[in-house]
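Please look over the sequence and the model shown here before reading on. The report then takes up two topics in turn.

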Amino acid sequence: MKYYFGIDVGGTTVKQGLFDEDYNLLERWEIRTDKTRGGRNIIPKIAGSLEDCLERNKISKKDIIATGMGVPGPVTKDGFINKAVNLGWGRFNLKKEAKKSLGVPVFCGNDANLAGYGEFHFGSGKEFDNIIFITIGTGIGGCIINEGKILIGTDGSGAEIGHIHVKDDEEDSCGCGNKGCLEQYTSAKGIGRTARRMLATTDEPSVLRDSVINAKIIFDAIKEGDKLAIKVGEEFGRYLGCAMANLANITNPQAIILGGGVSKAGDILLTFLEEPFKKNVFHACKNVKLLCASIKNDAGIYGAAKLAGDSINNK
Ligand SMILES: [Zn+2]
């Protein structure tokens, strides 16, 4: 039997999966992301952890066809990374470095792109050829797939949806350095920020006044009918729904799929997005389906394994 590894490198943990040739997930485990020494330990620690997996499962390294790796930063087609701030990485050839350390062929991509690729092949996207995938977590990530191909872009930063400019009079800076990015209003952090701003400008009663504010608490309050929380949801929907309409006008997808931690709130998200989306989208794009992701946390490792398989087979 032959195998793939699928790896999803995050700012806190590295998710890893061992897959068979048909992309069945055989084992899944995580290690902590070691960000010491400017992130220089990350790849060697992954290599060590994969060696342990081979030993545990009595698999010879020559039976690993290839490894796919998703990282939180722009990655070009050639495997160059151009800064992953969360990991402390600058610009280098990640594909080459990882291959040297792991001793197997490695194919790399942006983490949101690979999560979208996983969802496209194995989750809510598997019926379609053209999708937009949006991950709503600490930040906003995106992936555009057209005729089965990920839009990587010249510098590896295709579908950086979170940094679309949506507001002119913003004083706070986004993590990217610009002001008024979509992520500042629609990520988990952004939704919390909207709630705090609203609470500070009105005396309206709300269960949020006595809570530690986070996206989960806000969506729970929405489900209970809390009026102020519903206004927070509406603002989230206006920004993201309008951005989704603009994106749909560009790529004309069959579906827009929402993943990431905040998407766990479920279909309630869609109720806030549908109206602003329909109001702003071009008439010929109105049939786009809005869906929640089905693979959730493991989409990144599935997408990484599939990227490895498709790349080695020149698909
Ligand atoms: Zn930004």
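This is a predicted model: local features need pLDDT of at least 70, side-chain atom pairs count only at pLDDT 80 or more; totals for chains, interfaces and linings use all residues.

## The zinc site

Four residues coordinate the zinc ion: H163 through ND1, and C174, C176 and C181 each through SG. The distances run from 2.0 to 2.3 Å. Along the sequence, these donor residues follow the spacing H-x10-C-x1-C-x4-C.

The angles that the four donor atoms subtend around the zinc ion are 105 to 120 degrees, so the arrangement is tetrahedral. That assignment requires all angles to lie between 85 and 135 degrees.

## The cavity

One cavity of 30 Å³ or more is present in the structure. The largest cavity holds about 60 Å³ of space.

Its lining is made up of F5, A47, L50, E51, L54, K61, I64, S101, L102 and V104. Sorted by class, seven of the lining residues are nonpolar, one is polar and two are charged. Helix 1 (42-56) and helix 2 (94-102) each contribute at least two residues to this lining. Helix 1 gives the largest share, with four residues.

Conventions:
Residues are numbered from 1 along each chain as its sequence is written. Side-chain values use heavy atoms; hydrogens and water are left out. Donors are N, O and S atoms within 2.8 Å of the metal (3.2 Å for Na, K and Ca); water is not among the atoms, so sites may look incomplete. Four donors count as tetrahedral if all angles lie between 85 and 135 degrees; four count as square planar and six as octahedral if opposite donors are over 155 degrees apart and all others between 65 and 115; anything else is irregular. On a 1 Å grid over the protein atoms alone, a cavity is a set of points where a 1.4 Å probe fits but cannot get out, and a pocket is an open set with protein on both sides within 12 Å along at least five of seven lines; lining residues have an atom within 4 Å of a point. Grid points are joined across faces, edges and corners, and a volume is the space filled by probe spheres set on the points. Ala, Val, Leu, Ile, Met, Phe, Trp, Tyr, Cys and Pro count as nonpolar, Asp, Glu, Lys and Arg as charged, and the others, Gly among them, as polar.
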